[in-house]
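User: I would like to learn how to read the features of a structure one at a time. Please give the general idea where there is one, then the case at hand.

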Amino acid sequence: MVVLGINNMHEASCALLIDGQIIAAAEEERFSRIKHTSGFPAQAMHYCLEAAGLRSDDLDMVVAAWRPWVLGLRATLALKSVLASPRIFLAKARRGAGQMGHEWWELFTLKRLLKQYLGGGRYSVCYLDHHLSHAASAFLCSPFDEAAILTVDGAGEEDTTVLWHGNGRKIRKLGAVRLPHSLGQLYSATTAFLGFKVQEDEYKVMGLAAMGTPKYAQYLLDNVVALRTDGGFWVKPYFLDYHLARFGRFSPEVEQLFGQPRLKGEEISERHADVAASVQYVLEQALFNLLRHLHERTRTPRLGLAGGVALNCTANGKIFTHTPFEQVFIHPSAGDNGTSLGAALYWSNSGPDRITEPLQHTYWGPSYNRNRTEAALRKAGVSYTELSEDALIERVAQLLTEGNVVGWFQGRMEWGPRALGARSLLADPRRADIKDKINRIIKKREPFRPFAPSVLEERAVEFFEGYQPSPFMLFTFPVRSSKRSAIPAVTHTDGTARPQGVTSDTNPRYYQLIRRFGELTSIPMLLNTSFNVEEPIVCSPEDALATFLGCEMNHLVLENFLVEKSVAARTPCSP
Ligand SMILES: [Fe+2]
């Protein structure tokens, strides 16, 4: 059975499964080069078919991760908010609502669009509930036969938080919180209050929270977010209204409590960090309340987690100590991009048996062969050297110990928001100054944002307290106090880090690089950040070269080719 999953809303994406096994998955943004792009994911869809060597005739099922006819409550609430301000209503009508409208319309006309972009075929088209798609992504590729599942985001069709129980291939809904009560939207509205981009920069609020004190948290818990005894929650309407916040409008109560919203570009102050810390604290309390209740209902020590809020690594890392759950699987693409895969997983496992293998890695995106990579190098007109595997590992490890930042482009691109050693920028975690260098010169981003480490899985417990397997960089753990001074570049202000445990099975070349770096330095770990500068993570060799040539980074590895900018400056293009 060949199933294609599609998400055409925020973070548009596509995933293709054959007989329940993942063959390809990618976000549309990697091809369109527009971050978090929405709309029909034509390029991602073509990539998935090409990677599988299939045509539209071969598809059995296309499943969309939204049910457009159930979007009434969501639309009504959005309209109700913006009607409060004629100015905002007009602005939204011009761009926001118009944009949303075309996505909804695409869902209603999906068959026609598929025929237009894909061609005809014998495939059926169906729609799956948004939160069920999230739940399927969290459970059906987890290693668990049975688990509690929590899905939390801004909003699906109507639900914002859903509790589930997964058993075998079946996923049963236990309860839900519906709009307008949304933890995800509260966090996004705070993101707007702090002068960041909504549905894009929420992780900046999480990073900033570590630098503040949750001094407003008690007020919020007493007056804004009520934690219910049944595990649910209420959020006071219009305190931090998501739809108005997107247009920079905030209630008098918010401004009385938090002060003036931060203007774009305004310097980050202690007050801003305190706001972030307070909302982060409230989010965590609400999540732990939900999870404790979910555990009582399901009586299982295993948990699957998905939805945009599941990307909050700070909260995720505390699940082991603040709730009874002992094993946690978080889908690596927990945001809306992951719903295309979830929807495809759900339908692929609709037979009598669960057939999908547990997810071991995220390398489901495009790869580029030697000729294709070398052609991109020639076209860019840069000097390069081709190295054997061993020589490449040795050279790059040396470059890293010398304080260089290295662009690392290898194999198939990662699925999801994290660079996990296929499209990464790498550096020495021992150097405190490297963090500022990457933030200021290369990534051009805020100085408070932390960097994460990739560590040999078997050595991770030496560095992180309470470490649990973390292949997808989705949990934050305290760095052991004895190790903090050894790895300052990847230790956040609050003494935590967000590690990726690397095994030789899933990425042997990256594993060998970290291992060699460890032999040279006694630290089997690298600073790993995504290979991008203010745009989506690079996908093709051309993207990588353009980013490399446009920033102050001197070394780029494209498969077995090494490009050294300083050499390139001295030597004309040799090939
Ligand atoms: Fe979602």
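**Reading the model, feature by feature**

Analyst: We can start with the surroundings of one residue. Not counting residues up to four places away in sequence, N7 touches A12, S13, P41, W66, D336, N337, T339 and S340. Keep in mind throughout that this is a predicted model.

User: Where is N7 found, and is N7 buried or exposed?

Analyst: N7 is found in strand β1, residues 2-7. With a relative accessible area of 0%, N7 is buried.

User: Which backbone oxygens lie by the polar side-chain atoms of N7?

Analyst: There are two to note. The backbone oxygen of E11 lies 2.9 Å from a polar atom of the N7 side chain, and that of H10 lies 3.0 Å from such an atom.

User: D336 was in the contact list of N7. Which residues coordinate the iron ion?

Analyst: D336 is one of them. The iron ion is coordinated by H130 (NE2), H134 (NE2), D153 (OD) and D336 (OD), at 2.1 to 2.3 Å. Along the chain, these donors follow the spacing H-x3-H-x18-D-x182-D. D153 sits in the loop between β6 (146-152) and β7 (159-167), and D336 in the loop between β12 (327-330) and α14 (339-348), so the pair ties together parts that are 183 residues apart in sequence. Both D153 and D336 are buried.

User: How should I read the angles at the iron ion?

Analyst: The reference comes first: ideal angles at a metal are 109.5 degrees for four tetrahedral donors. Here the angles among the four donor atoms of the iron ion run from 90 to 163°, and the site is irregular. To count as tetrahedral, four donors need all angles between 85 and 135 degrees.

User: Next, strand pairing. In which sense do β2 and β3 pair?

Analyst: In general, strands of a sheet pair through backbone hydrogen bonds, either parallel or antiparallel. Strand β2 (residues 13-18) pairs with β3 in the antiparallel sense, over six bridges. Within this pairing, A24 in β3 is the bridge partner of L16. The two strands form a hairpin with two residues between them, and D19 in the turn has a positive phi of about 50°.

User: Why is β3 described as largely enclosed?

Analyst: Of the seven residues of strand β3 (residues 21-27), five are buried, so the strand is largely enclosed by the rest of the structure.

User: What is the strand order in the open sheet of eight strands?

Analyst: The order is β13-β22-β21-β14-β15-β20-β16-β19, with mixed pairing. At the edges are β13 (385-386) and β19 (500-502), each of which pairs on one side only. L426 in β15 is the bridge partner of V406.

User: Now helices. How many residues of α8 are buried, and what covers them?

Analyst: Seven of the eight residues of helix α8 (residues 202-209) are buried, and the helix is mostly covered. Among the buried residues are E202 and K204. The cover includes α7 (183-193), α12 (270-298) and α13 (313-322).

User: Which residues touch the most other members of the largest nonpolar core?

Analyst: That core has 170 residues, and L114, L150, F258, L303 and F464 touch the most other members. Helix α12 gives the most to this core, with 13 residues. A second, separate core of 19 residues includes L399, L513, I514 and L562.

User: Last, the backbone. Which residues does the cis peptide bond join?

Analyst: The cis bond joins L179 and P180, with omega of about 10°. P180 lies in the loop between β8 (170-178) and α7.

User: Where do H36 and S522 lie?

Analyst: H36 lies in the loop between α1 (29-32) and α2 (42-52), and has a positive phi near 55° though it is a residue other than glycine. S522 is in the loop between α18 (508-521) and β20 (525-530). S522 is not a glycine either, yet its phi is positive, about 70°. With a relative accessible area of 54%, S522 is exposed.

Technical notes:
Residues are numbered from 1 along each chain as its sequence is written. This is a predicted model: local features need pLDDT of at least 70, side-chain atom pairs count only at pLDDT 80 or more; totals for chains, interfaces and linings use all residues. Side-chain values use heavy atoms; hydrogens and water are left out. Donors are N, O and S atoms within 2.8 Å of the metal (3.2 Å for Na, K and Ca); water is not among the atoms, so sites may look incomplete. Four donors count as tetrahedral if all angles lie between 85 and 135 degrees; four count as square planar and six as octahedral if opposite donors are over 155 degrees apart and all others between 65 and 115; anything else is irregular. Helices (H or I, at least four residues) and strands (E, at least two) are DSSP runs, numbered from the N terminus. Buried means under 20% relative accessible area, exposed over 50%, partly exposed in between (1.4 Å probe, protein chains only). Two strands pair if DSSP finds at least two bridges between them. Contact means heavy atoms within 4.5 Å. A polar contact is a pair of N or O atoms within 3.5 Å; within protein, one must be able to donate a hydrogen and the other to accept it, and residues adjacent in sequence count only if both atoms are side-chain atoms. A nonpolar core is a set of buried Ala, Val, Leu, Ile, Met, Phe, Trp, Tyr and Cys residues joined through side-chain atoms within 4.5 Å.
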